[in-house]
Amino acid sequence: MKVSITGNTGSLGKAISEDLSSKHSVVGYSKSVGWDFDEDGVIDKMISEASDSDVFINNTFHRQWEILPKIIDAFKTNADKIIINIGSFHSYVQPDDDYGRIKNEMKDVCFSAQINPEVHCRVINISPSLVSDTNASVGKDLIAQISHEDVCRVINFIIDSPPHLVVNEIVFSHKELVRSFYASGSADK
């Protein structure tokens, strides 16, 4: 199976690429390997090159909102193809800041594709909470973080699921983070 992933040289993207490369052919797209999504035509060129992939993982935050609808359009007629959009648990806890709003818009794009009768590929949004060893500036004081391996397990579950199984969205975090979130009253806001 051929898997394409954006943001493949960042901490999480690298872990996903390494994990999947043991069973699949993985192609990465990131600025550090020559794919600058700010340059004219680069996103369209990447979509064209990745169109023969079986799985596309939209992991980069940079221009993610531009990439997702284009890869859905490229994959939509093939029911065997899978698109996994990497969202964020942040969109549930801080939906009104810029990052939360963008991640929520990506969830909406995924959901719209899922209910569109013209889209035959599987489109899944996953929303992990703070992942250990990230460069995130928010939440470093939280002791309950999930690992790269946890994210890889979820991605492998999606890839290995039978085509008739519809996975709309997977939201996941460390159980202690959820407990502290609800205990603090943040869930009520």
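Predicted model: local features only at pLDDT ≥ 70, side-chain atom pairs only at ≥ 80, totals over all residues.

A: Asp 38 has a relative accessibility of 42%, so this residue counts as partly exposed. Its salt-bridge partner is Arg 63, with the closest N and O atoms 2.9 Å apart. Arg 63, at 18% relative accessibility, counts as buried; the cut-off for that word is under 20%. Asp 38 sits in the loop between β2 and α2, and Arg 63 in the loop between β3 and α3, so that the pair links distant parts of the chain, 25 residues apart. Glu 66 belongs here too: Asp 38, Arg 63 and Glu 66 are linked in a network of salt bridges.

A second pair joins the side chains of Asp 160 and Lys 23, at 3.6 Å from N to O. Lys 23 is exposed, with a relative accessible area of 52%.

Helix α6 also holds a pair within itself. Asp 150 and Arg 153 form a salt bridge, and their closest N and O atoms are 2.7 Å apart. The two residues are 3 places apart in α6, which means that about one helical turn separates them. Asp 150 is partly exposed at 26% relative accessibility, whereas Arg 153, at 53%, counts as exposed.

In the whole model the count comes to 9 salt bridges, including the pairs described here.

Key. Residues numbered from 1 in each chain as written. Heavy atoms only, no water. Salt bridge = Lys/Arg side-chain N within 4 Å of Asp/Glu carboxyl O. Buried < 20%, exposed > 50% of the residue type's maximum accessible area, 1.4 Å probe, protein only. Helix = DSSP H or I, 4+ residues; strand = E, 2+ residues; numbered from the N terminus.
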